[in-house]
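Colleague: I would like to go through this model with you. Tell me what each label rests on.

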Amino acid sequence: MNYQLLGRSGLRVSELCLGTMTFGTDWGWGADKHESFKIFDAYADAGGNFIDTANRYTEGSSEKYVGEFIESDRDHWVLSTKFTLKDRNDDLNFAGNHRKNMMRSVLSSLKRLNTEYIDLLWVHLWDNTTPVEEVMRGLDDLVSRGLVHYIGISDTPAWVVSQANTIADFRGWNAFAAIQFEYSLLQRTPERDLIPMAKALDLAVTPWGTIGGGALTGKYLRDETGRVPKDSTRRNKNSSKVAQTVVDIANELDATPAQIAINWARQREEVMIPIIGASKSTQLTDSLGCLSFEIPAEQMRKLNEVSQIELGFPHEFLKSDGVKEETFGGMYEKLHNHRIKS
Ligand SMILES: NC(=O)c1ccc[n+]([C@@H]2O[C@H](COP(=O)([O-])OP(=O)(O)OC[C@H]3O[C@@H](n4cnc5c(N)ncnc54)[C@H](OP(=O)(O)O)[C@@H]3O)[C@@H](O)[C@H]2O)c1
């Protein structure tokens, strides 16, 4: 395993993060405690140091298991968890990004994780109600109190993240060092704004769903079981075509489909630190095999082509010949270091 800096911080994290949404069977799928430990152990053995969990995962079992597994060497681990999602039914203030829920949720997570600090706290998703200043100031307080070391944000529009980090910078508060969103051969829409923003603001990107929740392994082409529901868009005609291409290329390269799906994301955008999920330790061992090879250019081209999306306005408009002609005084071809990719 190699290591990367977490965005514009000095924190060193492994090039793959371990997802633990599958730790615990409380949601009707996932791994029991014994199997969860085997997954964790395989990841630790490979040199991974970066763990992703959340207050809500498997009704708290994920955080409890993770806390137990890392206890003997707590300071080695870069432990990340999230807040936002509800911890109690029928109570408005036990959910959301406001200060009251933020503080309560973090204290509950610390108890479940049996630790005194969280290395990286994620806003799980944007609640569309709490003011940006309230969120950033609350997070800054948590860092000042030593309960949290770094902050990140997940599942949020690019304009909100840009606004949040700009406000934090100008006020001398801690800014987000990392961002999470779904990104895979089946979900490339972050290429429109989220990825360019992450590069511009030097945010580490830890994408989830890089294997399409299992769909990109081709298991649904063979009618095998898994947790992706029958009516999911991950099982439609277009995703089947993408999954079939992944399977074909895996066969061609003597690799497995999960390895191809993960490496596509890593090679497509060099800022990616995928969060790898597994419901069995054998799956994780398989996925870790992605570390030992790269997808050659020709196969990358085929994968890019089959999963291509429209970037939409204004991106397509700004790349059009007419606009390039007007904005570069008719000399676009002469400018060699331009940033607009065709
Ligand atoms: N921020 C967020 O909103 C958010 C959302 C979702 C997830 N996450 C994080 O990201 C992690 C991964 O997300 P994800 O589980 O949705 O996506 P994923 O990594 O695309 O899918 C993981 C699932 O694919 C299957 N799988 C994994 N490796 C395999 C292999 N080698 N061969 C065959 N099947 C394999 C397993 O499901 P089956 O055995 O059922 O097929 C596994 O649970 C989570 O654990 C969590 O930490 C964050």
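Modeller: Start with burial. Buried means under 20% relative accessible area, exposed over 50%, and partly exposed in between, with a 1.4 Å probe and protein chains only. By that rule, buried residues make up 53% of the 342 residues in the protein chain. Bear in mind that this is a predicted model, where local features need pLDDT of at least 70, side-chain atom pairs count only at pLDDT 80 or more, and totals for chains, interfaces and linings use all residues. Residues are numbered from 1 along each chain as its sequence is written, and side-chain values use heavy atoms, with hydrogens and water left out.

Colleague: What makes a run of residues a helix or a strand?

Modeller: Both are DSSP runs, numbered from the N terminus: helices are H or I with at least four residues, strands are E with at least two. The protein chain has 12 helices and 10 strands.

Colleague: What share of the contacts with a separation of 6 or more comes from residues 24 or more positions apart?

Modeller: Contact means heavy atoms within 4.5 Å. On that basis, residues 24 or more positions apart account for 74% of those contacts in the protein chain.

Colleague: How far apart are the mean positions of the positive and negative charges?

Modeller: Lys and Arg count as positive, Asp and Glu as negative; His and the chain ends are not counted. Each charge is placed at NZ of Lys, CZ of Arg, CG of Asp or CD of Glu. The chain has 39 positive and 47 negative charges, and their mean positions are 2 Å apart.

Colleague: Now helix α8. How do you know what span to expect for it?

Modeller: The expected span is 1.5 Å times one less than the number of residues. Helix α8 covers residues 257-268, so 12 residues, and the expected span is 16 Å. From first C-alpha to last, α8 reaches 16 Å, close to that expectation.

Colleague: Why is α8 called largely enclosed?

Modeller: Because 10 of its 12 residues are buried. Among them are I260, I262 and W264, and also Q259, N263 and R266. The cover includes α7 (237-253), β10 (275-276), α9 (281-288) and α10 (297-306). In α10, the buried residues are Q299, M300, L303, N304 and V306. They pack against α7 and α8.

Colleague: Why is A255 called buried?

Modeller: Its relative accessibility is 16%, so A255 counts as buried. A255 lies in the loop between α7 and α8. Beyond four places in sequence, A255 touches A250, I260 and F293.

Colleague: And S287, why is that called buried?

Modeller: S287 has 3% relative accessibility, so the label holds. S287 lies in helix α9. Leaving aside neighbours within four places, S287 is in contact with I211, A258, Q259, I262 and I276.

Colleague: What is the relative accessible area of V13?

Modeller: V13 is at 0%, so V13 is buried. V13 lies in strand β2 (residues 12-14). Not counting residues up to four places away, its contacts include N2, Y3, F50, V78 and I273.

Colleague: What makes the backbone at D90 and N128 worth a look?

Modeller: Most residues other than glycine have a negative phi, and most peptide bonds are trans. D90 is not a glycine, yet its phi is positive, about 60°. Phi of N128 is also positive, near 60°. D90 lies in the loop between β5 (78-83) and α3 (99-113). N128 lies in the loop between β6 (118-123) and α4 (132-144).

Colleague: Buried or exposed: which is D90, and which is N128?

Modeller: D90 has a relative accessible area of 83%, so D90 is exposed. N128 is at 67%, so N128 is exposed.

Colleague: Which kind of peptide bond joins F313 and P314?

Modeller: A cis bond, with omega about 0°. P314 lies in the loop between α10 and α11 (315-319).
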